[in-house]
Amino acid sequence: FQYQEQAMNKDQTKGRIEEVKGKVKEIAGQVVGDKELEAKGQVQNIGGKAQAAYGDVKADLKKAVKGE
């Protein structure tokens, strides 16, 4: 069994950070009853998921090219 640590690429990292920031805004909006903040959080969360998914695809392609 071989253990190999995979570092996240920039898009994966930034995307996951945006997901978290968006979720925090969304929950804060729910708590204080601010629908606009909640909506902005949802949009930021979705944007982060898209960026992270793009990073995941890049990582998968890189692995495929290397033959891993």
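Start by selecting Glu36 and Lys40: their side chains form a salt bridge, with N and O 3.4 Å apart. The term covers a side-chain nitrogen of Lys or Arg within 4 Å of a carboxyl oxygen of Asp or Glu. Both residues sit in helix H2, 4 residues apart, so about one helical turn separates them. Colour by accessibility and you will find Glu36 exposed at 54% relative accessible area, while Lys40 is partly exposed at 48%. Here buried means under 20% relative accessible area, exposed over 50%, and partly exposed in between, with a 1.4 Å probe and protein chains only.

A word on what you have open: this is a predicted model, in which local features need pLDDT of at least 70 and side-chain atom pairs count only at pLDDT 80 or more, whereas totals for chains, interfaces and linings use all residues. Residues are numbered from 1 along each chain as its sequence is written, and side-chain values use heavy atoms, leaving out hydrogens and water.

Next, select residues 10–32 for helix H1 and residues 35–66 for helix H2. Helices are DSSP runs of H or I with at least four residues, numbered from the N terminus. How do these two pack? Their axes are 7 Å apart, at an angle of about 160°, which makes H1 roughly antiparallel to H2, a label for angles over 145 degrees. The axes are lines fitted to C-alpha atoms over the stretch in contact, and angles run from 0 to 180 degrees between N-to-C directions. The H1 and H2 crossing is left-handed: the near helix is turned anticlockwise from the far one by less than a right angle.

Now show the residues in the contact of H1 with H2: 5 are nonpolar, 12 polar and 13 charged. Charged means Asp, Glu, Lys and Arg; nonpolar means Ala, Val, Leu, Ile, Met, Phe, Trp, Tyr, Cys and Pro; the others, Gly among them, are polar.

Then pick Asp11 and Lys58, whose side chains meet in a salt bridge at 2.8 Å, N to O. Asp11 belongs to helix H1 and Lys58 to helix H2, so this pair ties together parts 47 residues apart in sequence. Asp11 is buried at 15% relative accessible area, whereas Lys58 is partly exposed at 36%.

For the last stop, go to Glu18 and Lys21, a salt bridge with its closest N and O atoms 3.1 Å apart. Both lie in helix H1, 3 residues apart, about one turn. Glu18 is partly exposed at 23%, and so is Lys21, at 40%. The whole structure holds 6 salt bridges.

Key:
Helices (H or I, at least four residues) and strands (E, at least two) are DSSP runs, numbered from the N terminus. Angles under 35 degrees count as roughly parallel, over 145 as roughly antiparallel, 65 to 115 as roughly perpendicular and the rest as oblique.
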